[in-house]
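Subject: The structure I promised you

Hi,

Here is the structure I said I'd send over. Have a look at it first, then read my notes below.

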Amino acid sequence: MIDLYTAKTPNGRKISIMLEECGLPYRVNMVDIGRGEQFQPDFIRINPNAKIPAIVDHDSRGQPVPVFESGSILIYLAEKTGRFLPVSPIPRSACLSWLFWQVGNVGPMFGQANHFATVAGERLAYPTERFGAEAARLVRLMDQHLETSEFLAGDYSIADMASFPWLSVALSSICQARPQIAGEGHNVRRWLSDIASRPAVVRGMAVGRALEPAEARNTKLAPTMSDGAA
Ligand SMILES: N[C@@H](CCC(=O)N[C@@H](CS)C(=O)NCC(=O)O)C(=O)O
């Protein structure tokens, strides 16, 4: 059994998607980051950086294994199962390049762009422009890449799982906010739609909320999944 520590955010959903894709038994522990549960000592012992997602793998030999940072967790689960991360060096490096592209660029830049556009109490022109422009540049780059590529790197992989939850929440608002990319993003939309139709993705995205009736008809929750305390 794997304990998943998560919240209803794109970073958290990367991991529930991967767990569902691999069919691994896991238990959901929702961490209320709005109320500061990520700073509680029990959670800091799992992730000293005090952020979701994190996992504890109780199925390894010896002591339970804590893993934090979404990219690191995706690689851990891929190596544990032998799935969604190629083994041979060239396709593996392509997959890892796009995975690190997401964790080093898309997550931080989309997060800051959203923060300064919608969360910050004050509208500050410089950071709004800086992070908004960078988010738009990343969308354009991804759209151009997906013009000739079905997925980010070869077959569907952990690189796609890392980017999917972020693009699914942010693509429309980034395109609307930046006139220079208005009308772009059709390759990203095709990619989003292909991935969104995967039953494991529907289940992974639903962690922490009840499935809509249409979703429930098309998918089946893993029998081992349950909510627990953080
Ligand atoms: N680089 C980290 C980012 C994780 C992260 O930013 N998590 C957010 C939620 S999406 C969080 O826990 N925020 C709480 C806080 O910053 O106090 C990863 O990829 O796992």
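Let's start with a loop: Pro53 is found between helix 2 (41–44) and strand 3 (54–57). (Helices, H or I with at least four residues, and strands, E with at least two, are DSSP runs numbered from the N terminus.) The peptide bond leading from Ile52 into Pro53 is cis, with omega near 5°. Ala50 has its place in the loop between helix 2 and strand 3 too, and Ala50 shows a positive phi of about 55° although it is not a glycine.

Before you go on, a word on where this comes from: it's a predicted model, where local features need pLDDT of at least 70 and side-chain atom pairs count only at pLDDT 80 or more, while totals for chains, interfaces and linings use all residues. Residues are numbered from 1 along each chain as its sequence is written, and side-chain values use heavy atoms, with hydrogens and water left out.

Now the ligand. Which residues surround the ligand? They are Thr9, Asn11, Ile33, Gln38, Phe39, Lys51, Ile52, Pro53, Glu69 and Ser70, where being near means having a heavy atom within 4 Å. This shell divides into four nonpolar, four polar and two charged residues. (Ala, Val, Leu, Ile, Met, Phe, Trp, Tyr, Cys and Pro count as nonpolar, Asp, Glu, Lys and Arg as charged, and the others, Gly among them, as polar.)

Some of these residues make polar contacts, meaning pairs of N or O atoms within 3.5 Å:

- Gln38 puts a polar side-chain atom 2.8 Å from an oxygen atom of the ligand.
- Ile52 uses a backbone N or O atom, 2.8 Å from a nitrogen atom of the ligand.
- Ser70 has a side-chain N or O atom 2.6 Å from an oxygen atom of the ligand.

On its own the ligand has 510 Å² of accessible area, and the protein covers 75% of that (Shrake-Rupley method, 1.4 Å probe).

Finally, the whole chain. Its secondary structure comes to nine helices and five strands, and along the sequence the pattern reads β-α-β-α-β-β-α-α-α-α-α-α-α-β. The radius of gyration is 18 Å, close to the 17 Å that the globule rule gives for 230 residues, so the chain is as compact as a globular protein of that length. (That radius is taken over C-alpha atoms, and the rule is 2.2 Å times the number of residues to the power 0.38.)

Cheers

How values were computed. Polar contact = N/O pair within 3.5 Å; in protein donor to acceptor, adjacent residues only side chain to side chain.
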